[in-house]
Amino acid sequence: MKTFAVDFACYDFGDLVFTMKWIHAKTEGNAIDQLLKEHRNIHVQDIREIRDYIK
């Protein structure tokens with residue numbers, strides 16, 4: 001598992017919200033899929049892998 005920091009925008013009660021979430025997934029695609037399940041419609045601004053120093 002890798003940790004990804006995903007900057008994205010989504011609609012919350014009609015308002016456009018820009019936010020960041022840390023996701024644990026095997027690939028970037030899986031991280032985005034997890035967000036899509038939660039928010040349905042998102043626009044990904046940036047996704048980057050965070051190094052895990054504690055295993």
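Author: Let me begin with contact, which means heavy atoms within 4.5 Å. Leaving aside its neighbours within four places in sequence, cysteine 10 is in contact with Asp15, Leu16, Val17, His39, Asn41 and Ile42. This is a predicted model, in which local features need pLDDT of at least 70 and side-chain atom pairs count only at pLDDT 80 or more, while totals for chains, interfaces and linings use all residues. Residues are numbered from 1 along each chain as its sequence is written, and side-chain values use heavy atoms, with hydrogens and water left out.

Reader: Which elements does the protein chain have, and in what order do they run from the N terminus on?

Author: Helices (H or I, at least four residues) and strands (E, at least two) are DSSP runs, numbered from the N terminus. The protein chain has 1 helix and 3 strands, and their order is β-β-α-β.

Reader: How do you know that the length of H1 agrees with what its 12 residues should span?

Author: The expected span of a helix is 1.5 Å times one less than its number of residues. For the 12 residues of H1 this should give 16 Å, and because the end C-alpha atoms are 17 Å apart, the two values agree. H1 is followed by arginine 40, whose phi is positive, near 70°.

Reader: Why is tyrosine 11 called exposed?

Author: Buried means under 20% relative accessible area, exposed means over 50%, and partly exposed lies in between (1.4 Å probe, protein chains only). Tyrosine 11, which is found in strand S1 (residues 2-12), has 57% relative accessibility and therefore counts as exposed. Aspartate 33, which lies in helix H1, has a relative accessible area of 40%, so this residue is partly exposed. Buried residues make up 24% of the 55 residues in the protein chain.

Reader: What makes a set of residues a nonpolar core, and which residues form the largest one?

Author: A nonpolar core is a set of buried Ala, Val, Leu, Ile, Met, Phe, Trp, Tyr and Cys residues joined through side-chain atoms within 4.5 Å. The largest has 10 residues, namely Phe4, Val6, Phe8, Cys10, Ile23, Ala25, Ala31, Leu35, Ile42 and Ile47. At least two residues of this core come from each of S1, strand S2 (15-25), helix H1 (28-39) and strand S3 (42-50), and S1 gives the largest share, 4 residues.

Reader: How do you know that aspartate 7 forms a salt bridge with arginine 48?

Author: A salt bridge is a side-chain nitrogen of Lys or Arg within 4 Å of a carboxyl oxygen of Asp or Glu. The closest N and O atoms of aspartate 7 and arginine 48 are 2.9 Å apart, and the pair forms a salt bridge. This pair links distant parts of the chain, with aspartate 7 in strand S1 and arginine 48 in strand S3, 41 residues apart. Arginine 48 counts as partly exposed because its relative accessibility is 34%.

Reader: How many salt bridges are counted by this rule, and which others are there?

Author: The count comes to 3 salt bridges. Glutamate 38 forms one with lysine 21, the closest N and O atoms being 2.6 Å apart; here, too, distant parts of the chain are linked, glutamate 38 being in helix H1 and lysine 21 in strand S2, 17 residues apart. The side chains of aspartate 46 and arginine 48 also meet in a salt bridge (3.0 Å, N to O). Salt bridges that share partners join Asp7, Asp46 and Arg48 into one network.
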